[in-house]
Amino acid sequence: MYSTLISSEQLQALRTTGTPLMVFDCSFDLMQPEAGAAQYRDLHIAGAVYANLDTDLSAAHGRPGKDGTVVVAHEDGEPASGGRHPLPSREKFAAWLSGVGFRNDMQAVVYDRNGANYCGRLWWMLKWMGHEAVAVLDGGLQAWQAAGGAVAHGDEPAHFQSNFVPSAPRAALRVTREVAAHLGQADQTLIDARAGARYRGEVEPLDPIAGHIPGALNRPFAENIGPDGRFKPAAQLRAEFDTLLAGRDPSTVVHQCGSGVSAVPNLLAMEIAGFGPTALYAGSWSEWSNTPGLPTRQGAQP
């Protein structure tokens, strides 16, 4: 079973063993939401299922409400978070997994072509559903092609309906009220995965308000990836997070970003580094900054 990373060579070998397996392409582009599906049709790992961040891995969202809050739709059950990419209910997500034929006995492998920015969302969501056998393809589609892995074009044949059954979560989710209740306390260390300029409030291309949650540390998610496009070695990641945390208890870490997506590479990197599981604030800045009465901050890290 692979539960953090899997290499292209390991995935190729796994495909020859007959192990129940499903590969997911999570390629996406926040500025061009249709681009990921187009990229998938143009080229993907042979047999991979496409997972769309907006429609498959998020609840219906994006409608502005009173007081500037972001309103999410409830027709498929109460969403598990708010923000620009609210988590769907566990029931809705289980229905999607069943619809694409994913089963509880399967190994899942997720990838993108975007530096692991988007595929981590599905990796984390499967853990949240209680599924441990899910791994990120290290280096993504580029590494798979470099290793001579089989690729395909167009759409893949549909899979038979399955009956995926959720179990107790293996991933910790934090919601806004919990983050707010522990703000500034030693039992919570926020790590913001957005680029430095967005964290400092110098630019804000996606959300109405610029800045960051007071007290949050900044580690842009791209810092986990080495020049070869793969995650840095575990020892290097551990040293970098030790420096960032500066003595803070790693078990108190709650990861966030703009909408809970690019925070996951930091969470995964901490597991690779041997820190163990940490929590995700899925609503992140897009929910926090649109919730009346919550403090915000601009400028450098405190």
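Visitor: Which helix does Trp123 lie in?

Guide: Helices (H or I, at least four residues) and strands (E, at least two) are DSSP runs, numbered from the N terminus. Trp123 belongs to helix H4, residues 119–128. This is a predicted model, where local features need pLDDT of at least 70 and side-chain atom pairs count only at pLDDT 80 or more, while totals for chains, interfaces and linings use all residues. Residues are numbered from 1 along each chain as its sequence is written, and side-chain values use heavy atoms, with hydrogens and water left out.

Visitor: Is Trp123 buried or exposed?

Guide: Buried means under 20% relative accessible area, exposed over 50%, partly exposed in between (1.4 Å probe, protein chains only). Trp123 has 1% relative accessibility, so it counts as buried.

Visitor: What is Trp123 in contact with?

Guide: Contact means heavy atoms within 4.5 Å. Leaving aside neighbours within four places in sequence, the contacts of Trp123 include Ser3, Val110, Val136 and Leu268.

Visitor: In what order do the strands of the open sheet stand?

Guide: Two strands pair if DSSP finds at least two bridges between them. Here 5 strands, paired in parallel, follow the order E10-E14-E13-E11-E12. Strands E10 (172–174) and E12 (217–218) are at the edges with a single partner strand each, so one side of each has no neighbour in the sheet. E10 is joined to E14 (residues 279–281) by 3 bridges, and Arg174 stands opposite Tyr281 in E14.

Visitor: Which strands does helix H9 lie across?

Guide: Axes are lines fitted to C-alpha atoms, for helices over the stretch in contact, and angles run from 0 to 180 degrees between N-to-C directions. H9 (residues 264–272) lies across E11, E13 and E14, at about 145 degrees to E13.
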